[in-house]
Each structure stands twice: as C-alpha cells, then as structure tokens.
Amino acid sequence: MEPNHYPLPNFLVVGAAKAGTTSIYQYLSQHPEVYLSPIKETNYFAKDIPLDKIRKDYYKGGELDVEAYVNTDLAEQIHIAFVSQWDHYRKLYKNVRGQKAIGEISNSYLHSSVAAREIHAVDPRMKIIMILRDPTKRAFSHYKMTLRVGLVKDSFYQEVQRDFAALEKGFRVSHLYVEMGLYAEQLKRYQQYFPPGQMRIYLFDDLKDNAAAVIDDMLRFLQVDPSYNVDTSFQANQASVPKNAGLVHFLRKTGLRTVAKRLSPRFLGEAAKKVFYKEKDDLVLTQRDKDFLRPLFEQDVRELEKMIQRDLSHWLS
C-alpha cells in the first residue's frame with residue numbers, strides 16, 4: 001500500500017513538555033480502539049524547528065534514521081525523532097487496523113509558532129489535547145531531566161537564568177525553560193484554528209490527583225469505549241538526579257555516555273544507574289528560584305485563567 005493510502009491521525013496531544021504526556025502515551029496505548037504513532041514525538045508539524053541548529057548532544061543514542069525506521073515493521077517504540085517528510089510521516093500509521101482514534105504526542109507542537117496552522121491545513125477537524133502544568137514546576141522538572149541526562153551541570157537557578165538570557169533559542173537548540181511555560185500565548189494559536197469542541201485542556205494536577213478520571217474524559221472525547229479498563233496506577237518518566245552532575249555532563253559531552261549505552265547490556269545499564277544516580281530525588285525549588293520565575297509567568301497565568309476559566313492562583317503562590 002502506498003503511503004498516501006495509509007490513515008491519517010485524527011487527534012494530537014500537543015504538550016506541554018514535562019506535564020505527563022509520556023504517561024498519557026502509555027495509558028492510551030493500552031486501549032484497543034486507539035492507535036498511537038510508534039514514534040511518540042514525531043515533531044512533524046513543528047516546521048519551525050531549526051533542524052540544522054539542533055544541538056547534537058540532545059540526541060539519545062544518536063540521531064534516528066527515519067527513512068530506515070519507517071520501512072521496518074515499526075515494532076520498536078521510539079521516544080523522539082524529527083520526521084520531516086510527508087511520506088515518512090504517513091508510514092507511521094501503516095499498522096492501523098481499524099482503530100477509531102489515531103494520533104501522536106509531540107510536545108513541540110504547543111510551543112511551535114506554526115504547528116497549529118500546519119495541523120489545520122492537513123485536517124481542520126483534528127482533535128487537540130493539551131495538558132498544562134504550573135510553569136515554574138514544569139521548568140524545574142524540565143531542568144531535572146536535562147540534569148539527569150547530562151545536558152547541564154549547574155544549579156537550576158544558574159541554568160534557568162543562562163537559558164533565559166541566551167541569544168540563540170529554539171526547540172532542542174536551547175532548553176526554553178521559561179518560554180515553554182507561556183501557555184496563554186500558545187493556546188491562542190490553537191484557538192485561531194480550532195473551535196472549543198475540538199479541544200480538551202487538562203491540568204497536570206488533575207492527572208496527578210485522578211488519572212483515571214482524566215483518561216475517562218479523554219476516551220469519551222476521542223469517541224472510543226470509555227469502559228475499557230486502562231491501568232493508570234503508574235507514572236512514566238519518573239525523575240532521578242545524578243550523584244555527580246559534572247561527571248554525567250562530561251560523559252555526555254564527550255560521547256562516552258552514548259558509547260557505553262550502546263556497548264553495555266541492559267543489566268549493566270541498570271547497575272550504572274545505581275552507581276551514578278541517587279535513589280531519592282532530593283532537589284527542591286528554592287525561594288530564590290520561585291522569586292525569579294513567578295514574575296516572568298504572572299501575566300501569562302492571569303490571562304490563561306480567563307481563557308480556560310480555571311483558578312490558577314496556586315501557580316503563583
């Protein structure tokens with residue numbers, strides 16, 4: 001079958017990053033009437049990502065050969081790739097077998113200035129799902145992820161200031177700790193193209209407090225059987241922090257981390273986690289962190305409150 005005959009997605013989870021989208025992917029993947037792209041984050045519709053400027057140290061285990069991958073049976077799940085060709089994107093859905101809800105989850109779509117327009121051009125009936133998180137806590141969670149994988153080594157306060165002041169910014173070019181949490185501006189872009197009935201906006205707090213209720217509502221929105229028992233008892237992508245951030249940063253920067261992951265069996269990888277990472281995440285947001293970030297988010301949060309008609313004052317406390 002030619003790619004143009006493969007089904008197209010009819011829903012997209014567009015972010016936000018570090019707001020539970022990996023858990024959402026694993027929850028929805030359990031449902032027999034839902035098909036999700038085997039590449040969780042394809043980034044296809046974020047046409048403004050400067051692919052030629054992406055920092056090479058962002059890639060986990062090397063850059064994916066998308067063309068080679070889409071010509072496999074797609075059995076291996078990939079967390080993130082940069083799919084730029086339409087035929088390649090279409091092939092990600094070649095294994096659809098009658099599922100009603102077909103989609104993908106790319107966190108870049110919320111921050112992207114063009115993704116909403118690009119999505120609408122492909123299908124103006126597309127259903128859009130967003131999960132939004134306290135932007136300060138989102139930024140801190142984002143930092144802990146970059147710290148864990150060796151992309152940064154200094155304190156949150158130092159790294160967020162450095163990133164905010166960076167002259168060259170962009171998805172996977174800089175970290176965008178602040179910019180990815182300016183949701184009102186991002187939501188407006190989707191409201192320009194999609195009516196309220198085609199969008200669902202959830203808060204990370206809702207997902208954390210009652211994931212089953214969020215998934216139940218999501219399944220109804222996607223018009224699949226909500227009675228199917230989806231296991232929401234776990235959270236994916238749990239954070240861990242390195243014992244020595246400088247060492248992990250060095251291993252990533254020099255490429256030794258990638259080489260070790262390729263050569264070491266899985267059990268050695270698990271052993272390495274015990275050697276390099278703490279059993280308990282002991283990093284906390286300081287008052288200085290909050291005092292720096294809250295003013296940057298305040299106006300956007302106030303505007304978002306009106307847009308989604310939810311009290312978000314706890315985000316600014």
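Of the 317 residues of the chain, 50% count as buried, where buried means under 20% relative accessible area, exposed over 50%, and partly exposed in between, with a 1.4 Å probe and protein chains only. The model is predicted: local features need pLDDT of at least 70, side-chain atom pairs count only at pLDDT 80 or more, and totals for chains, interfaces and linings use all residues. Residues are numbered from 1 along each chain as its sequence is written, and side-chain values use heavy atoms, with hydrogens and water left out.

**Exercise 1. Determine the strand order of the open sheet of five strands and identify its edge strands.**

Step 1. The chain contains 14 helices and seven strands; helices (H or I, at least four residues) and strands (E, at least two) are DSSP runs, numbered from the N terminus.

Step 2. Two strands pair if DSSP finds at least two bridges between them. The open sheet of five strands has the order 2-5-1-6-7, with parallel pairing.

Step 3. Strand 2 (34–36) and strand 7 are the edge strands, since each pairs on one side only.

Step 4. On average, and with direction ignored, neighbouring strands of this sheet are turned by 20 degrees against each other. Axes here are lines fitted to C-alpha atoms, for helices over the stretch in contact, and angles run from 0 to 180 degrees between N-to-C directions.

**Exercise 2. Describe the partners of strand 6 and state whether its faces are covered.**

Step 1. With strand 1 (residues 11–13), strand 6 pairs in the parallel sense over three bridges. Phenylalanine 11 has lysine 127 as its bridge partner in strand 6, and leucine 12 has isoleucine 128.

Step 2. With strand 7 (residues 199–203), strand 6 forms a parallel pairing over five bridges. Here isoleucine 128 stands opposite methionine 199.

Step 3. On one side of strand 6, Lys127, Ile129 and Ile131 are buried, and on the other Ile128, Met130 and Leu132 are buried, which leaves both faces covered.

Step 4. Because six of the six residues of strand 6 (residues 127–132) are buried, this strand is largely enclosed by the rest of the structure.

**Exercise 3. Characterise the packing of helix 1 against helix 10.**

Step 1. Two packed helices are described by the angle between their axes and the distance between the axes. For helix 1 (residues 21–28) and helix 10 (residues 211–221), the angle is about 65 degrees and the axes are 11 Å apart.

Step 2. Contact means heavy atoms within 4.5 Å. Ile24, Tyr27 and Leu28 of helix 1 meet Ala211, Ile215, Met218 and Leu219 of helix 10.

Step 3. Helix 10 also lies across strand 6 and strand 7, and runs at about 175 degrees to strand 7.

**Exercise 4. Is arginine 189 buried or exposed, and which residues does it contact?**

Step 1. Arginine 189 is found in helix 8 (residues 183–191). Arginine 189 has a relative accessible area of 15% and is therefore buried.

Step 2. Leaving aside neighbours within four places in sequence, arginine 189 is in contact with Leu110, His111, Ser112, Ser113 and Ala116.

Step 3. Arginine 189 and arginine 117 are 72 residues apart in sequence, while their C-alpha atoms are 8.0 Å apart in space.
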